[in-house]
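Open the model in a viewer and follow the stops below in order. Each one gives a selection and then what is found there.

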Amino acid sequence: MSDVPEACKTKEVEDSAPEPEEQSGDSSDDGEASGESEMDFLRNLFSKTLGISGEKVLDELTLEGVARYIQSGACKNIICMVGAGISTSAGIPDFRSPETGLYANLQKYNLPYPEAIFQIDYFKKHPEPFFALARELYPGLFKPTVCHYFIKLLKDKGLLKRCYSQNIDTLERVAGLESEDLIEAHGTFYSSHCVSFMCRSEYSMDWMKVKIFSDDIPKCEKCNSLVKPDIVFFGENLPKRFFTSMAMDFPRCDLLIIMGTSLQVQPFAALVGRVSKSCPRLLINLEKAGGVSPHNFPWWRLLNARSFRDVAHISTCDDGCLALADLLGWKAELEEMVKREHEKIDSKAKEEQANQSAVATGKAETGKAETGKTKAE
């Protein structure tokens with residue numbers, strides 16, 4: 001889960017962009033050269049105006065070009081920026097898809113408007129809808145996707161600098177990323193705190209899970225105020241670590257991989273401009289994404305002939321990661337990792353279920369024994 005607005009539609013902008021006029025059949029070579037020079041001038045002007053000029057690193061603006069760059073040895077610090085799109089194949093809905101998105105299916109909670117469920121002021125007055133939703137989408141009910149494990153594989157290869165995530169589903173952690181590997185920009189269910197500024201007592205994920213699944217509204221054991229998972233609601237600040245890590249990580253980034261996000265939510269979306277002017281940026285998403293620059297020009301507009309570092313691979317995140325892993329010679333390793341880790345998760349779930357059944361059976365037998373003893377007496 002993450003707060004990911006509907007992806008921006010860039011096609012209409014692209015279709016409306018003026019194309020260079022065709023040269024007539026009797027145009028001179030000088031005229032054609034002049035036209036090319038004018039296009040080069042415009043490209044350079046756009047690049048300088050948008051602050052994206054820099055050294056060309058990729059030999060080709062394709063997934064193959066990105067793979068060759070990773071294999072070259074020059075790419076040592078990869079940053080991943082991810083959103084809700086990397087978790088949809090796990091069964092977790094994104095936010096704004098018209099029919100399947102989370103906001104489209106919140107009518108049962110009688111909200112004044114869908115976003116209210118994640119607004120801190122509304123939560124403090126009406127916490128019930130949020131905790132009802134949390135029960136449906138609670139971490140532990142879903143398994144990481146191919147995309148999550150691809151990021152883990154980058155870590156295992158010594159290439160992952162950091163993963164910046166908008167998601168609160170903790171699937172990056174389940175896949176094997178540690179706290180030091182992750183910046184959970186919009187917070188996490190991993191920990192919880194009392195909402196009272198005078199208290200701020202901390203509670204574990206296990207404590208919160210017991211409360212949520214027992215239909216209790218979590219209350220602080222010290223001051224009786226509400227306890228909220230450490231996810232960032234509208235009206236709250238992003239974690240301090242987001243800003244301190246951003247300043248250190250992005251200037252060192254060799255490759256930025258953006259997956260499953262429409263790049264509309266700020267300040268997360270602005271991270272794409274934090275890498276150096278020559279750093280390649282790969283988008284793996286169902287559609288082109290990206291907001292606009294301060295000059296009101298979509299940065300992802302500079303694709304193909306207008307760009308020297310931006311690559312868009314339009315597909316699901318899982319398919320895109322499998323395709324890149326294949327080009328890198330990692331596909332079999334990735335598929336084996338997914339199979340092995342999913343089997344571990346399934347085995348653990350069965351073990352927990354068996355333990356719960358045994359406990360329930362034990363309680364039932366104890367109850368029967370006590371009943372029989374009472375009758376005998």
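Begin with the second largest pocket: it has 24 lining residues, and Arg200, Asp230, Val232, Glu236 and Asn237 are the ones nearest its centre. A pocket here is an open set of points on a 1 Å grid over the protein atoms alone, where a 1.4 Å probe fits, with protein on both sides within 12 Å along at least five of seven lines; lining residues have an atom within 4 Å of a point.

This is a predicted model, in which local features need pLDDT of at least 70 and side-chain atom pairs pLDDT 80 or more, while totals for chains, interfaces and linings use all residues. Residues are numbered from 1 along each chain as its sequence is written, and side-chain values use heavy atoms, without hydrogens or water.

Stay at the pocket and colour its lining by residue class. There are eleven nonpolar, five polar and eight charged residues. Ala, Val, Leu, Ile, Met, Phe, Trp, Tyr, Cys and Pro count as nonpolar, Asp, Glu, Lys and Arg as charged, and the others, Gly among them, as polar. The space in this pocket is about 620 Å³, a volume being the space filled by probe spheres set on the grid points, which are joined across faces, edges and corners.

Which element gives the most to this lining? Strand 6 does, with four residues. Helices (H or I, at least four residues) and strands (E, at least two) are DSSP runs, numbered from the N terminus.

Next, select Phe118 and Phe233. Their ring centres are 6.0 Å apart and their planes stand at 90 degrees, so the pair is edge-to-face. Rings of Phe, Tyr and Trp (its six-membered ring) pair if their centres lie within 6.5 Å; planes under 30 degrees apart are stacked, over 60 edge-to-face, and the rest tilted. Phe118 lies in the loop between strand 1 and helix 4, and Phe233 in the loop between strand 6 and helix 9, 115 residues apart. The structure holds 13 aromatic pairs.

Now select residues 146-156, helix 6, and residues 317-328, helix 10. In helix 6, Val146, Cys147 and Phe150 meet residues of helix 10 that include Cys317, Asp318 and Leu322; contact means heavy atoms within 4.5 Å. The residues of this contact divide into eight nonpolar, no polar and one charged.

Finish with two backbone details. The peptide bond from Gln266 to Pro267 is cis, with omega near 5 degrees. Thr170, in the loop between strand 2 and helix 7, has a positive phi near 65 degrees. Most residues other than glycine have a negative phi, and most peptide bonds are trans.

Methods. Axes are lines fitted to C-alpha atoms, for helices over the stretch in contact, and angles run from 0 to 180 degrees between N-to-C directions.
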